[in-house]
Amino acid sequence: MRIDNFQCSKAVSVFPGKVILKANTAAFMVIQNTYWSDNARDIEPACFIQPKTTQDVSKIVAHLTTPDNIECRFAIKSGGHTFWAGAANLQGGITMDLSKLNQIDIAADKKIAKIGPGNRWGAVFEAVEKEGMAVAGGRMSSVGVGGLLTGGGLSFFQPFGGFSCDGILNHEVVLANGSIVNANRNENPDLHRALKGGGNNFGIVTRFDLHMFPKPKLWGGIFLAMDQRKKALDWLVEGSISNNDTNTMVAVSMLTPTTTLSLAVDPDVNRQPVLMEKANEMAVITNRSMAGWFGTAVVNSTAVGRPSRIGISGIPTSIYTTMKAFFSSLKDGPNTLTTAATNSSSLPGMQLQPGKFYALTSPAGIAGILGSAAETGFRLHFFSWNIKVSKTATAPYLEALTDLHKSEGAKLPLFSNPSIFFQPITSRMRHAGEAIGGPNAMGLKELLGDDDLILVAVGVRYWFKSDGDKVVKWAKEFTKMGKNMAEEKGVGSPWQYVNYSDGWQDAMGTYGKEAREFLKGISRRYDPRGTFQKQVPGGFKLGM
Ligand SMILES: Cc1cc2nc3c(=O)[nH]c(=O)nc-3n(C[C@H](O)[C@H](O)[C@H](O)COP(=O)(O)OP(=O)(O)OC[C@H]3O[C@@H](n4cnc5c(N)ncnc54)[C@H](O)[C@@H]3O)c2cc1C
């Protein structure tokens, strides 16, 4: 702590105007409050340092890695959306905040968008859409670019685009010695591969050059319905088999509050909790295809003393065929939203609210709608594992797991909100990504072959710092139970997705053996002193 305070004071004179000390409370708190979860905000560095250019990053890294600064630890932050504490921040250390590296340059031929890591996906989508184009990025507007792309990236376009990182054509990187290099298929191709899912282990990415493609029209929003768990899970499994549908992405999420009283974030006053009662079971089903993308929620909740923003309705009996037909029948045009709202009466119980819940829109539009639902103001542990898709065993596993989640959730501290979220990671998606960008860091071909997977992500939202250890203990036990059950039912899978893993999960340790050895070799070659293993302790490390 003493060393890092001293380093911060020293940095003020070396980098005038770029260091924000904790003592400068207002400016410091502006950055501190950009961390998404309250547990990430619990960590406070001695100072933030804000580079404005790649050259600034280079000078800062060179400064922090000189022999007399070798004891100094630092963190790298882009959007600060990592759920867990300490991935992109460092208690008492120096945190490099990349938010000023927010350039978005679109090449004249509209093939490449050059994007700074400090951007949020909402801004990126809006900029590329002005040119009639799209890129594969995060599904909520506020999510940061740097962390999503160095960790992988699940997107609206994954069925045909792979992981978002597969669409990176070039990385501009600052290495541990402060040098600035490009990494692409021709220059430093091994570093290029390592940065696609290898996290912050090799350098600081100062620019991502992304593959652009013509902007598709998407239907999106939030649809609310009740008690359709079995159908939703059958539908999920159907949509998770590579050969079933070439362009559909289905995801199902269930919020299963186990207490009769729970807390939610006030819809009108950000970061202020309100009391909810009778919150039962909620499932969010999302579908994205060339014809449509929609979300469905099963919920029964009322905010005490104020109108709930969550409505109640039912979904059609034959959810998959009816909704698919409905979305396919919608036409683009000026009156589409009105038509859609009118047509919704033909679907019993379907609630369409133009502009708010549903819109024929674009990635920016949907990311905005979904982003507005991603409140902050609570602590969260979010952890995951994957299971194999089998036509017969997967749906019963997910049913049993959801029941287990509900019964085990009752053991969580009062006012916790557990949720469980399933989404496909098909072999078709992985092949598509490799066809665009070549191999990435995860080594999934070697590890998984052609297995279709469903990612199981569990979130526990909680309110009091003192409950953190209990929640982590619960998370570890529940993960063990969930994985054991998967093995028993023959659907276990070894790999974990970095961006949906909690800090206690050794996410990179689950990559394929060849991939792990490859990544260690790249670290030794490009960072021989191990700066990004030792001086940058945050994030998932290579275990060297
Ligand atoms: C509301 C919400 C929605 C989400 N939606 C999605 C989604 O649709 N798809 C998906 O895949 N994930 C999603 N995520 C997870 C998200 O991908 C990760 O949290 C990701 O790390 C966020 O990126 P960030 O820039 O905000 O990360 P940060 O928290 O700033 O950083 C994450 C990690 O990356 C490192 N890092 C950041 N920038 C750089 C850089 N330039 N160079 C080297 N290392 C760097 C940091 O050191 C840190 O270890 C979501 C998260 C939230 C909270």
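**Exercise 1. Find which helices each supply at least two residues of the lining of the second largest pocket, then describe that lining.**

Step 1: Helices here are DSSP runs of H or I with at least four residues, and strands are runs of E with at least two, numbered from the N terminus. This is a predicted model, where local features need pLDDT of at least 70, side-chain atom pairs count only at pLDDT 80 or more, and totals for chains, interfaces and linings use all residues. Residues are numbered from 1 along each chain as its sequence is written, and side-chain values use heavy atoms, leaving out hydrogens and water.

Step 2: α14 provides the largest share, five residues.

Step 3: sort the lining by class, and you get three nonpolar, seven polar (Gly counts here) and eight charged residues (Asp, Glu, Lys and Arg).

**Exercise 2. Work out the strand order of the open four-stranded sheet and find its edges.**

Step 1: the order reads β1-β2-β4-β3, with mixed pairing; two strands pair if DSSP finds at least two bridges between them.

Step 2: β1 (19–21) and β3 (74–77) sit at the edges, each pairing on one side only.

Step 3: β3 runs parallel to β4 (residues 94–97), and four bridges join the two. In β4, Asp97 is the bridge partner of Lys77.
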